[in-house]
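Please keep the sequence and the 3D view open while reading.

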Amino acid sequence: MLKIKKIEFMKVLYDDALAQNIFSIANITFSNRSPIQGALLYWQQNESKEPYTKEGDYKFFYDLAKAQYFAAVKFPKDCDLTQDERQELAYLLLEERGAIGTYSFVSTKPKATFQLNKAFQEISFPAHFSVDDFNELSIVKQLESNDETVYEQLPYDRVFLEAYRNWCHQAVQLHPSRLIAYFQYLPFTYVSYANPLLSEQFLIDYLPDVNLEALQYNKPVLARLSMSFKRYLVTTLMANKKHLNPDFVDQLDDFIESNVFYNSFELIYLPEADEIPDMDLQLFEYDRGSYKWAGSEHLVKGIPSLVSQKYNRYGDRRLTNAEMDKKFKAYSDEQKQLFTAIAELHWLNRYKNELDWSYICQYNVHLTEQFLTAHIHYVDFNALGQNTDIAVNAEFLSTYLHRFNHQKAVPLIISHLTEQFYLTHKDEIKVDLDLLYKYMDNIDEEEFLRIESYLLD
């Protein structure tokens, strides 16, 4: 058994001139054998059904259904590992690959973690317990701040309330996928108010249960919501005559449209070790014992790591087509519409005849010119013109310029302006200094200054 002491990821790079696209170079130090210097982690397009490359590198496919791309590790010529050892070490490197830096596997005590179910079992719930007693936002705020008055308002004894409050307080910090089994006991209002790991997909899935009034105080979640969901949040609260969060009540447009409102609360979640199935390691182990390094694969851009094939950046497990079909069929019309704003292109194509394409065009953040061209008969150009979250090229805009409504300004076009595009189409599009300044963050700085100079003349 070889004991890994340290893995050093030296570089993260892409080179289209190479047959392989190298995304990291690793040095591996062992405590019981010579080190391996310069293992190349790369990905490339697959051209055969063989499990190995011609050079003998084991292929790790990203999508077994298509087997279009694979990742592999090329070990240096002086590496004397057996084929099985190469395969297992390649898996470990691809799973563990992280940002540039050195990670040491020294012996350490495991981090104390909250045992959700154990703590739950230790609470003596009274026979008359009802989670509805705790679902008011005012009660949740009192629980969160440990306000003494909550002990007088609720029909439970202090011992139970203290134990229950502590359990709720720690439970809502965990990933929501771990809380689903406890929603009969854990107030969804508290989850909406205080769980920093809620993704927009989770909110859509549980939309009937989400307390929007509570959600508007959850800054980490608000920081990453799409324009679509933020608009839904605000309009629903206003329609129900609920008080809006004072933070944005006087700047609703900024809150809805800006991608940087609360941006300091951006959070990326890496599934915890107990959520990821363990691989049975036959040939390698870590010096630090059974407590496996969590890794940093989410920091590497481009082709995803093995773990990110199962989870997205917010820790939600990726669904198979059959699983998503079942969920989509159960969605309400409102859920389907909100889903279209964040759905990846695969799902938009799969459900293309069941979706509101005006909403997709206005709000979806994943649209590309290739996808739009392939689905051109579905595109609503009036709605697409309002979408400033996507990147399309000048050729696409020029080709379909006549399809946009130029009776008013088209934000998509303004946010993609270049000097050449402006000079070519200035008689067709509507743009003035106010509009240019409104979308200046989307425009290249040098291009912006040149266009500004024309408008100032």
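In this predicted model, a polar atom of the side chain of asparagine 195 lies 2.7 Å from the backbone oxygen of leucine 174. Asparagine 195 is found in the loop between helix H6 (188–194) and helix H7 (200–205), and it counts as buried because its relative accessibility is 0%, where the cut-off for buried is under 20%.

- Most residues other than glycine have a negative phi, which is the background for the two residues described next.
- Asparagine 146, a residue other than glycine, has a positive phi near 55°, and its place is in the loop between helix H3 (137–145) and helix H4 (150–153).
- The relative accessible area of asparagine 146 is 37%, so this residue is classed as partly exposed, a class that falls between the limits of 20% and 50%.
- Lysine 241 is likewise not a glycine and has a positive phi of about 55°; this lysine is found in the loop between helix H10 (227–239) and helix H11 (252–257).
- Is lysine 241 buried or exposed? Lysine 241 is exposed, because its relative accessible area is 74% and the class begins over 50%.

**Buried residues and their partners along the chain**

- Leucine 203, which is found in helix H7, counts as buried because its relative accessibility is 1%. The C-alpha atom of leucine 203 is separated by 9.4 Å from that of glutamine 335, although the two residues are 132 residues apart along the chain.
- Leucine 367 lies in the loop between helix H15 (357–363) and helix H16 (369–374), and with a relative accessible area of 2% it is buried.
- Valine 431 is found in the loop between helix H20 (419–425) and helix H21 (433–438). With a relative accessibility of 17%, valine 431 counts as buried, because the cut-off is under 20%.
- The C-alpha atoms of valine 431 and isoleucine 414 are separated by 7.1 Å, and these residues are 17 residues apart along the chain.

**Aromatic rings**

- How many aromatic pairs does the count come to? The count comes to 45 aromatic pairs.
- One of these pairs is formed by phenylalanine 255 and phenylalanine 261, whose rings are 5.4 Å apart centre to centre, with 80° between the planes. The pair is edge-to-face, because planes over 60 degrees apart are placed in that class.
- Both members of this pair, phenylalanine 255 and phenylalanine 261, are buried.
- One aromatic cluster includes Phe120, Phe125, Phe129 and Phe134, together with Tyr156, Phe160, Tyr164, Trp167, Tyr182 and Tyr185.

**Lysines over rings**

- Phenylalanine 255 also has lysine 230 over its face, at 5.3 Å from the ring centre.
- The charged end of lysine 141 sits over the ring of tyrosine 217, at 4.3 Å from the centre of that ring.

**Cavities**

- There are three cavities of 30 Å³ or more in the count, and the largest cavity has a volume of about 50 Å³.
- The lining of the largest cavity is made up of Gly56, Asp57, Tyr58, Val73, Phe75, Gln83, Arg86, Gln87 and Ala90.
- Which helix gives the most to the lining of the largest cavity? Helix H1 (residues 83–96) does, with four residues.
- Sorted by class, the residues lining the largest cavity are four nonpolar, three polar and two charged.

Note on methods: Residues numbered from 1 in each chain as written. Predicted model: local features only at pLDDT ≥ 70, side-chain atom pairs only at ≥ 80, totals over all residues. Heavy atoms only, no water. 1 Å grid on protein atoms, 1.4 Å probe; cavity = no way out; pocket = protein on both sides within 12 Å on 5 of 7 lines; lining within 4 Å. Points joined across faces, edges and corners; volume = space filled by probe spheres on them. Helix = DSSP H or I, 4+ residues; strand = E, 2+ residues; numbered from the N terminus. Nonpolar A, V, L, I, M, F, W, Y, C, P; charged D, E, K, R; others polar. Phe/Tyr/Trp six-rings, centres within 6.5 Å; stacked < 30°, edge-to-face > 60°. Buried < 20%, exposed > 50% of the residue type's maximum accessible area, 1.4 Å probe, protein only. Lys NZ or Arg CZ within 6 Å of the ring centre and 35° of its normal. Polar contact = N/O pair within 3.5 Å; in protein donor to acceptor, adjacent residues only side chain to side chain.
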